[in-house]
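This report describes selected features of one protein model. The sequence and the model are shown first.

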Amino acid sequence: MKSFLIIGMGGFGHHLCESLAKKDCEIMIVDEKEEAVEDMLSYVVSAKIGDCTKIEVLKSFDIPSFDTCFVCIGENFQNSLEITSLLKECGAKKVISKADRDIQEKFLLRNGADAVIYPEKNMAERYAIRESSEHIFDYINLGGDYSIFEIDVLDKWVGKTVKELNFRVKYNLSVLATKNGSTVNPVITGERKFAKDEHLLVLGKEEDVRKLTK
């Protein structure tokens with residue numbers, strides 16, 4: 001069972017804690033305000049009140065024992081930056097910090113963050129891609145240029161197989177699965193025929209998906 005430390009119990013910290021708890025993880029949460037942790041007590045093994053910009057406070061948590069430490073402070077970037085650096089100084093295995101702007105992401109990475117969460121930007125990009133095309137229903141960025149896109153089946157594909165369409169060569173996209181409602185069916189072979197009312201999950205670059213769905 002993995003263990004996590006979450007520092008900062010604002011809105012994002014709450015959602016993160018609930019999601020990790022559903023995965024049967026061990027969680028410690030910390031915030032300067034008692035009321036910020038009270039409603040999360042049923043989800044965690046430990047809840048602390050303290051100022052994590054003080055290294056003696058962090059050291060009291062046995063930082064190296066956590067698989068990942070999350071810094072979810074949104075109101076005071078200076079505190080987020082200091083805590084990120086101090087966690088590494090205390091021997092944190094992995095630190096993931098929240099950013100609200102591009103410049104914050106750069107500073108956090110330079111000061112010890114192993115990864116940066118940028119929820120507002122990521123959500124904005126996701127909705128921009130979804131709403132700017134009638135044929136793209138969802139998308140998950142995998143880092144860099146590649147993402148997984150949920151697209152509908154074009155009329156000219158109905159009844160044809162992945163192999164017949166020469167999908168990867170012709171469109172520069174890989175078909176991972178088909179989707180009917182909430183049911184996902186992995187595409188194992190090139191003999192899978194496309195149906196009219198299903199969606200496809202494809203792996204590739206946005207520019208290639210845009211060309212395909214124009």
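## Basis

The model is predicted. All values given here are computed from it.

## The five-stranded sheet

Five strands form an open sheet in the order β7-β8-β11-β9-β10, and their pairing is antiparallel. At its edges are β7, residues 136–141, and β10, residues 183–186, each of which pairs on one side only. Direction ignored, neighbouring strands of this sheet are turned by 25° against each other on average.

The pairings can be followed across the sheet. Between β8 and β11 there are 7 bridges, and the two strands run antiparallel. S147 stands opposite G204 of β11. Strand β9 spans residues 174–180 and pairs with β10 over 4 bridges in the antiparallel sense. Within β10, N185 is the bridge partner of T178.

## Helices on the sheet

Helix α6, residues 119–131, packs on the sheet and touches β7 and β8, the latter being residues 146–152. The direction of α6 makes about 150° with that of β7.

A further helix, α9, covers residues 206–213 and lies across β7, β8 and β11. Strand β11 comprises residues 199–205, and α9 runs at about 135° to β11.

## Lysine 205

K205 belongs to strand β11.

Neighbours within four places in sequence left aside, K205 is in contact with D145, Y146, F149 and L173. Of these contacts, Y146 and F149 fall within the residue range of β8, 146–152. The C-alpha atom of K205 is separated by 41 Å from that of T53, a residue 152 positions away along the chain.

## The largest pocket

The volume of the largest pocket is about 480 Å³. Its lining consists of 24 residues, and those lying nearest the centre are G8, D31, E32, I73 and E75. By class, the lining has 9 nonpolar, 9 polar and 6 charged residues.

Which elements each supply at least two residues of this lining? They are α1 (11–22), β2 (26–31) and α4 (77–89). The largest share is that of α1, with 3 residues.

## The second largest pocket

The second largest pocket has a volume of about 200 Å³. Its lining is made up of P119, N122, M123, E125, R126, Y139, I140 and N141. Two or more of these residues come from each of α6 and β7, and α6 gives the largest share, 5 residues. In this lining 4 residues are nonpolar, 2 are polar and 2 are charged.

Key. Residues numbered from 1 in each chain as written. Predicted model: local features only at pLDDT ≥ 70, side-chain atom pairs only at ≥ 80, totals over all residues. Heavy atoms only, no water. Pairing = 2+ DSSP bridges. Axes fitted to C-alpha atoms, helices over the stretch in contact; angles between N-to-C directions. Contact = heavy atoms within 4.5 Å. 1 Å grid on protein atoms, 1.4 Å probe; cavity = no way out; pocket = protein on both sides within 12 Å on 5 of 7 lines; lining within 4 Å. Points joined across faces, edges and corners; volume = space filled by probe spheres on them. Nonpolar A, V, L, I, M, F, W, Y, C, P; charged D, E, K, R; others polar.
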